[in-house]
Amino acid sequence: MFYKIILRPIFFLCDPEFMHDFMVFFGRTFGAIAPIRFLLELVWGYRGPDISKTVDGIRYERPVLLSAGFDCDGGLMRILPSISFGGEEVGSVTARACAGNPKPRLTRLVRNKSIVVYKGLRNQGAEIIAKRLVKRNADEGFVVGVSIAQTNDEKVCDAEAGIDDYCTTFRIMNKVGAGDCYTINISCPNTFGGETFAKPELLKRLLAKLAEVPCSKPRYIKMPINLAWNDFKELLDIIGTFGYNGVVIGNLNKDYSLIDFPEDAPRKWRGGLSGKTCFELSNELIRKTRAEYGKRFTIIGVGGIFSGEDALVKFRAGADLVQVVTGMIFEGPSLVREICNAYASEYPPTRAPAQQ
Ligand SMILES: Cc1cc2nc3c(=O)[nH]c(=O)nc-3n(C[C@H](O)[C@H](O)[C@H](O)COP(=O)(O)O)c2cc1C
């Protein structure tokens with residue numbers, strides 16, 4: 001309530017990207033101070049029964065993660081456990097640093113519970129972020145995944161250069177052992193060359209090259225959510241062939257017709273939509289993936305979670321873990337604990353779904 005009545009109206013008066021950068025600065029700075037972490041934990045920490053879960057051999061203290069795009073440079077590992085997160089996806093990280101697309105890169109559509117994201121993968125680049133992640137001083141049970149995308153500039157506009165770029169980052173991360181698992185983001189709608197690797201032939205080429213990089217950690221693919229089921233399934237079959245552990249379903253929504261209040265939309269559309277417009281699209285794909293492939297894939301459900309009940313819809317559809325970004329920005333950090341509480345009541349330790 002304090003967040004929604006006092007803080008959010010102030011935050012939402014400010015430019016969204018300024019606010020985002022401010023929150024990341026705040027989180028990085030205050031996350032280093034133990035008494036502040038303790039206070040945050042008092043306010044926003046989850047204190048219910050054990051809801052830890054082991055997925056692909058990794059133990060998550062809580063099954064709720066911060067999705068890619070918020071902690072782009074990996075500075076929030078210390079503070080996130082204090083507000084009940086069980087892990088995060090850092091990034092998306094690219095081989096070279098990216099300055100991002102021309103501004104405005106973020107536009108809030110408040111009534112639509114959505115953000116137009118045109119960030120263009122702004123991050124400090126793989127070398128710097130890998131060093132930071134290796135020094136990690138995150139809590140035990142807090143899982144750090146690394147989301148990997150292709151550098152967003154004109155040097156990486158053909159498939160060959162894109163593949164090399166992904167491989168460079170994947171190699172850097174694996175060489176130094178940064179992160180606990182990796183997600184290959186093939187579905188960022190905001191890159192220079194577009195969503196190239198969501199096409200079956202190119203995905204095969206990308207995954208074949210990535211397979212040459214030694215990696216002993218779980219690997220996932222971040223999926224687009226605007227594909228017809230048959231096209232989505234074709235990608236899943238390829239991903240299965242290359243031995244990936246699972247999929248993150250999914251990325252931003254590119255179908256602008258799905259917003260409730262089109263009159264609030266920016267005059268010039270650029271980028272993808274987060275939040276509520278992703279909810280049903282991702283749920284449907286999660287449901288179908290679980291029904292078609294059983295336990296073959298770990299499913300990480302993301303898109304439009306604004307309440308504990310929304311998260312349960314994703315778990316019931318078949319997600320093993322869930323991620324949030326926009327919901328946390330709109331509802332405040334208490335959303336994470338709310339999801340943990342909902343999970344604990346739906347799946348108390350004695351009835352927890354089978355662990356992978
Ligand atoms: C500001 C912002 C930046 C994002 N950047 C990335 C990114 O770099 N890589 C990625 O895989 N997804 C990115 N996403 C997509 C989110 O990870 C997530 O898939 C999507 O927003 C749906 O979840 P939500 O409704 O909880 O926001 C971004 C989303 C937002 C809101």
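Which glycine takes a positive phi just after H9? In this predicted model, that residue is glycine 318, with a phi of about 135°.

H9 covers residues 308-317, and its neighbour H8 covers residues 276-293. Two packed helices are described by the angle between their axes and the distance between the axes. Here the two axes come within 8 Å and cross at roughly 25°. Because angles under 35 degrees count as roughly parallel, H8 is roughly parallel to H9.

Now look at who meets whom. On the H8 side you will find Phe279, Asn283, Ile286, Arg287 and Arg290, and these meet Asp310, Val313, Lys314 and Ala317 of H9. Sorted by class, this contact has 4 nonpolar, 1 polar and 4 charged residues.

Staying with H9, its buried residues are Gly308, Asp310, Ala311, Lys314, Phe315 and Ala317. What covers them includes H8, along with strand S12 (298-302), strand S13 (321-324) and helix H11 (334-346).

Next, turn to the ligand. It is surrounded by 27 residues, and the closest are Ser67, Ala68, Gly69, Ser274 and Thr326. The elements that give two or more residues to this shell are strand S4 (87-93), strand S6 (114-117) and helix H10 (326-331).

Conventions
Residues numbered from 1 in each chain as written. Predicted model: local features only at pLDDT ≥ 70, side-chain atom pairs only at ≥ 80, totals over all residues. Near = placed C-beta within 6 Å. Helix = DSSP H or I, 4+ residues; strand = E, 2+ residues; numbered from the N terminus. Axes fitted to C-alpha atoms, helices over the stretch in contact; angles between N-to-C directions. Parallel < 35°, antiparallel > 145°, perpendicular 65-115°, else oblique. Contact = placed C-beta atoms within 7 Å. Nonpolar A, V, L, I, M, F, W, Y, C, P; charged D, E, K, R; others polar. Buried ≥ 20, exposed ≤ 12 C-beta atoms within 10 Å, placed from the backbone.
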